[in-house]
Structure formats: structure tokens, C-alpha cells
Amino acid sequence: MKRNIGDRQYRAVFISDLHLGSKHCNSDALLEFLEELDTEHLFLVGDIIDGWRLAKKWYWPKKHNKIVRKLLKISETTEVTYITGNHDEFFRTFPNVQIGKVEVQNRYTYQGVDGKKYLVTHGDMFDHLMRTKVGRRLMHFGDIAYDLLIFLNKAVNFVRRMVGMSPWSLAKYLKRKAKAASNYIGDFSWEMTNYCSRKGYDGVICGHIHHAEIKNHGGVIYMNDGDWCESCTALVENQDGTWEILNKLQ
């Protein structure tokens, strides 16, 4: 059920994988979301700026400037925390600094309304592909494949709009159908919750794999806020302490 983002004030909102600096960023939906947003604390959970793509070819349209200006404006009245990711890892050389009033950190410990302690991290450090040179090369190759996938998806959704159908994500469909992709998502979430269990966290909040969900792994809560390339999702904590995923496109 679609609900206006501005219907209520949230205690905290978590978004990640905006990929500013790439053609994949759904800047129209993101700008609309930020205009409607009312929250006490906004978390930018990594891959906000796509440094990988900018290093290959400069791409920075006016709408991406508008998004940055909007985030800075939000930070004047709302606490905003920027958690670094792998695509914006250049910030990791100088964490715990401020961009205007936006705090930049590598990870964050967030306490919910219910008193539970959550680790907030982008999640790439728990991705086995990111731990080796070969794996990182595969990730870069995967970026090329993702470009093609997004191009095909835009073509499909253009046709769907022409016949009055709602948007559809080819990438999400393949993730559900491909066993390897399903196992990858499962392994990623289990590794993160196992770490949190050992370190005394009640849950983890992350991004990275562009797959929004909330689930319980052996008593540890795994929450992924998704992305703003395809699904356009956000993880929110309501004032009563309940958690939910908002989808801007539904």
C-alpha cells in the first residue's frame, strides 16, 4: 500500500546506495522523497557518491547537485550521519569529520526506542568478494553487467508504462530466481548477524546488496534499507519503535 512519506515524522530514516555520479541514481524519486521527509535523524548508509564510476568517467547532472544541496539543507535542522561504503571509500581515509553539519563515520551504534543496540554499517566489509583483489575485480566487472541490466530494465519499463502497467525490476526478479544470487544474499545477512551476535548487538542496519528486507536471524535483527537505483526504498523507525520499509515506487 502506497503511503505519502510526509504523513508522519519518523524517529530515524536510513537510506543507502544512492550512487550519485552514476546514471543509475533515480534522482527524481529521491528528490521527491527528500522533499517529503520529516525525521529526527537521517542516516546515509554508504555508496551515496559513486566514486568508482566517477573515476572512470565524469557524470554529474544538475539534479545530483540538487540532491546534495537538499541533504545539506536537511542537516541544518536534522541530525544527518554519513556512513561510508565501498563506492565512496575515499571518505574512509578521514572518518569522523564533518561536511557542513553532516557527520562522516565508518560505522555507528544506534539505540532504538526499545533500547536495543544496532550496528549501522554499509556492509561491504562482510562481503567475501570485497576481501580479495580477485573479488574486487569481479565486483567491478559486475558493475559493467549491472549497467546492461539497468539499460534493459529501463527499456522494459518504458513498454510497461505505455500499456499502463506498473514499474518492474528485472534485477530483483533475477535475484529471486537465481539460486546463486539468493545464496549470496542469505550468506551476507547471516555473516552480519553472526558478527553482531558475537559483539553484543541486537541487530544490524545496512545496505550494499540493493535488497531491502527485515528479518530475524537467531534473535538478531537484520535490516537492509535497499537502494535508490531501482527499488527506491528506505528503512524507517517510527516514533513507537516499530520498523518498516518504505517503497517510493509503490
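Biologist: Is Lys-248 buried or exposed?
Modeller: Lys-248 is buried, since its relative accessible area is 11% and the cut-off for buried is under 20%. Please note that this is a predicted model.

Biologist: Which side chain does Lys-248 meet in a salt bridge?
Modeller: The side chain of Lys-248 meets that of Glu-32, at 3.1 Å from N to O. Lys-248 lies in the segment after β12 and Glu-32 in helix α1, so the pair ties together parts that are 216 residues apart in sequence.

Biologist: How accessible is Glu-32?
Modeller: Glu-32 has a relative accessibility of 42% and therefore counts as partly exposed. Glu-32 also belongs to a network of salt bridges, in which it is linked with Glu-36 and Lys-248.

Biologist: How many salt bridges are found in the whole structure?
Modeller: A search of the whole structure finds 9 salt bridges. One of them is formed by the side chains of Arg-8 and Glu-244, at 3.6 Å from N to O. Arg-8 is in the segment before β1 and Glu-244 is in strand β12, so this pair ties together parts that are 236 residues apart in sequence. Arg-8 is partly exposed, with a relative accessible area of 35%, and Glu-244 is partly exposed as well, at 23%.

Biologist: Which residue forms a salt bridge with Asp-124?
Modeller: The partner of Asp-124 is Arg-92, and their closest N and O atoms are 2.8 Å apart. This pair links distant parts of the chain, 32 residues apart: Asp-124 is in the loop between β7 and α4, and Arg-92 is in the loop between β3 and β4. Asp-124 is buried, with a relative accessible area of 2%, whereas Arg-92 counts as partly exposed at 22%.

Biologist: Let us change topic to α3. Which of its residues are buried?
Modeller: The buried residues in α3 are His-64, Ile-67, Lys-70, Leu-71 and Ile-74. They cover an arc of only 115 degrees around the axis, so they lie on the same side of α3. On the other side of α3, Lys-62, Arg-69 and Lys-73 are exposed.

Biologist: What do the buried residues of α3 pack against?
Modeller: They pack against α1, β2 and β3.

Biologist: Next, Tyr-110. Where does it lie?
Modeller: Tyr-110 lies in strand β6, which covers residues 108-111. Tyr-110 is buried, with a relative accessible area of 5%.

Biologist: Which residues is Tyr-110 in contact with, leaving aside its neighbours within four places in sequence?
Modeller: Its contacts include Arg-11, Phe-14, Phe-43, Val-120 and Trp-243. Tyr-110 and Val-120 are 10 residues apart in sequence, and their C-alpha atoms are 6.8 Å apart in space.

Biologist: What about the surface? Which residues make the nonpolar patch?
Modeller: Phe-158, Val-159, Met-162, Val-163 and Met-165 make a nonpolar surface patch of about 530 Å². Met-162 is found in helix α4 and counts as exposed, at 61% relative accessibility.

Biologist: Finally, the protein as a whole. How many helices and strands does it have?
Modeller: The protein has 6 helices and 12 strands. Of its 250 residues, 51% count as buried. Its accessible surface comes to about 12,500 Å², and 56% of that belongs to carbon and sulfur atoms.

Definitions and conventions: Residues are numbered from 1 along each chain as its sequence is written. This is a predicted model: local features need pLDDT of at least 70, side-chain atom pairs count only at pLDDT 80 or more; totals for chains, interfaces and linings use all residues. Side-chain values use heavy atoms; hydrogens and water are left out. Buried means under 20% relative accessible area, exposed over 50%, partly exposed in between (1.4 Å probe, protein chains only). Helices (H or I, at least four residues) and strands (E, at least two) are DSSP runs, numbered from the N terminus. The arc is that of the directions from the helix axis to the C-beta atoms. Contact means heavy atoms within 4.5 Å. Patches are made of residues with over 30% relative accessible area and no salt bridge: like charges are joined within 9 Å, nonpolar side chains (Val, Leu, Ile, Met, Phe, Trp, Tyr) within 5 Å. Accessible areas come from the Shrake-Rupley method with a 1.4 Å probe; for residues, only the protein chains shown count as cover. A salt bridge is a side-chain nitrogen of Lys or Arg within 4 Å of a carboxyl oxygen of Asp or Glu.
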